[in-house]
Amino acid sequence: MSYARIKSIVVCVLLVFALTVPALAQGDVIKIGLISSLTGSVSTYGQSVRNAVTMAVDDINASGGILGRQISLIILDDKGDGTEAAQAARRLIDRENVALILGPVITPSVMAVAPICQAAGVPMLTPTGTGDQITTVGDFIFRGAYKDSFQGRIMAQFAAENLGLKEAAIIYDVANDYSVGLRNAFKTTFEELGGKIIAEESYSTGDTDFSAQLTSLAMRNPQALFIPDYYSTAGPILMQARLMGMDAVMLGVDGWDSPDLSALAGGFEEGGYIVNHYSGDVDSPVTQGFIAQYTAAFGQAPDALAALAYDGVMIVTKALEAAGSTDPEALKQALGTVEAIEGATGTIKMDPEGTPIKSAVILKITNGKWELVDRIDPIGR
Amino acid sequence: MSWQIAALQQLINGLAVGSVYALIALGYTMVYGIIKLINFAHGDIYMLGAYFGFYAITMLKLPLLPAMLVSMVAAAIVGVLLERIAYRPLRSSPRISVLITAIGASLLFQSTAQLVFGASFRPFPQAMPFRRIQLGPVFITNRQLLIFGVAVLLMVILHVLVTYTKFGKAMRAVARDKEAALLMGINVDRIISATFALGSALAATAGILVGMYYNRIDPYMGMMPGLKAFVAAVLGGIGIVPGAVVGGLLMGVAENLVVTLGSSTLRDAVAFAVLIVVLLFRPNGLLGKKGMEKV
């Protein structure tokens, strides 16, 4: 046998080892995929989610893992884009064989991933997706946040009952399910409560010029303007609206919650109200513990996205323990029945369709800070 | 308030957006006029201009107008390099090859910008206080005034440059007949480079104005305005400098008036419908002359 021949055999043997050794080592870890929007139009959401998830997973691994196994987290970026999210899901399922997918972050991405997970029989939990239609995709699809119909209703009730508003206008993104769903819920409830939507305008995802729509709305002089969109769009709308001299009360949603909102709104977000999942002012030991740990680790206070992502890991942990294995069927059953989890966003109990029953908070931007105005329990949702 | 006042207000908004389209359209039309190329990377030069302005204000701590100059120069250099590296070697190739190269350059700029500047949406430094000037029933913001002022100034400078200077004469000569211009001793390469520099500088200014006006920039911000400005250039008659201005303003006003008179969902559709209608009746654009195209 020639030297070259021997060398090639040795290389082959080494290669086989190189390929099989990690595979053997993987036998005692639980692989979880995280699809998050780390870049793109909603990057602060994705970064918060990644921070909180890695923090929670590190804690779990440090204290011995789940079912005696360590968690191996595979993080992919979907750039806030549905196509990228679907590709990420395929890779996590086909190549990485993950036991479960956490994410994606925003409703349009979730709606691209959910059918893939359902078809492959891989449980999926979006910690932050609020679109109503998410959990209707199938029984493998779960979420860790409230639904848009709940959120939109809470804001409409707050506007009509607490703020005593009679007339409101809406500007929303026709191309985004999230924005459309919130607009529908707000409109229905506000009108049921005797209010009137005096004007409505729409735009498409990616638009930057809202002057035409806002001019139209400003002419009607509404008492309030509801802007159901992400911070990267709501910010410029707020600024452009105020520059036009619109003095309406600005009403928002959980999508406004971002450290970047203020800069994008040029400071004109002041005085606005939003519905959110969580407030740092809540006096629960879990919430306060989470805030302290997150702030120490990342140098900034967590937003609602971070809190939801942290709770998402709590839900998954509890479900894995209850299931006793990573068998998709058992895990699915366990996810659907988790309850009494004390999370950073409150007490969590999964309802039969895969949405947790949780409370919501109303926050007001006062001197650049979110202040707790009201807390609404999920009764009669 | 009545719809007439709303329409008047939309006219002001439309002229502001239209001025931006016009500034970008000028670059398309000048480049087309001179080398018959639709420079699809032009919208991305506009995006780069916005980022250059962003960094000039935040990192170099420059006030708005000097930042604008820095950005114009930087974008002009990018434009010249683009022509030198990507388009010049293909000058004698079929037009389709250059067109595909332009699309490639556009994607390259977008991806590179995403890599270098990050994909996140950025607020633009608001280097100017917020003011609103009431004009009877309607108003105009100081940002809109800035857009009008800068756009008109640049258009006048461009007009003087093209019509009354030796450089302008050379440029028109190259546009008319490249070979003949060469025989007359005109340095055609230099004129083409200068045209790219000029167009890119105008686009960069548009990028900064838009950043100030909308307070949001991102690596993909050039796509839609680039497309609309291209349509504006075709609308006015591609290759004709005043046509780009007319087309841009018309597009801006049309899409804003639609919101008042019809529905905001139709906004983009109407902008492009205007193009189709105009081209049906005037295939060479509004200011185009018949038989300009050599077949």
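Start by colouring two domains of chain A: the centres of domain 1 and domain 2, taken over C-alpha atoms, are 28 Å apart. Select 29–145 + 283–350 for domain 1 and 149–276 + 363–376 for domain 2; the bounds come from an automatic or database domain assignment. Before going on, note that this is a predicted model: local features need pLDDT of at least 70, side-chain atom pairs count only at pLDDT 80 or more, and totals for chains, interfaces and linings use all residues. Residues are numbered from 1 along each chain as its sequence is written, chains are lettered from A and ligands numbered from 1 in the order in which they are written, and side-chain values use heavy atoms, leaving out hydrogens and water.

Next, look between the domains. About 1200 Å² is buried there, 47% of it from carbon and sulfur atoms (buried area is the accessible area, 1.4 Å probe, that two parts lose on being put together, summed over both). On the domain 1 side, pick Thr44(A), Tyr45(A) and Thr130(A): they lose the most area to domain 2, together 35% of what that side buries.

Now bring in chain B. Chain A and chain B bury about 2600 Å² between them, with carbon and sulfur atoms giving 57%. Show Asp209(A), Met219(A) and Leu243(A), which supply 23% of the area chain A buries against chain B, more than any other three residues.
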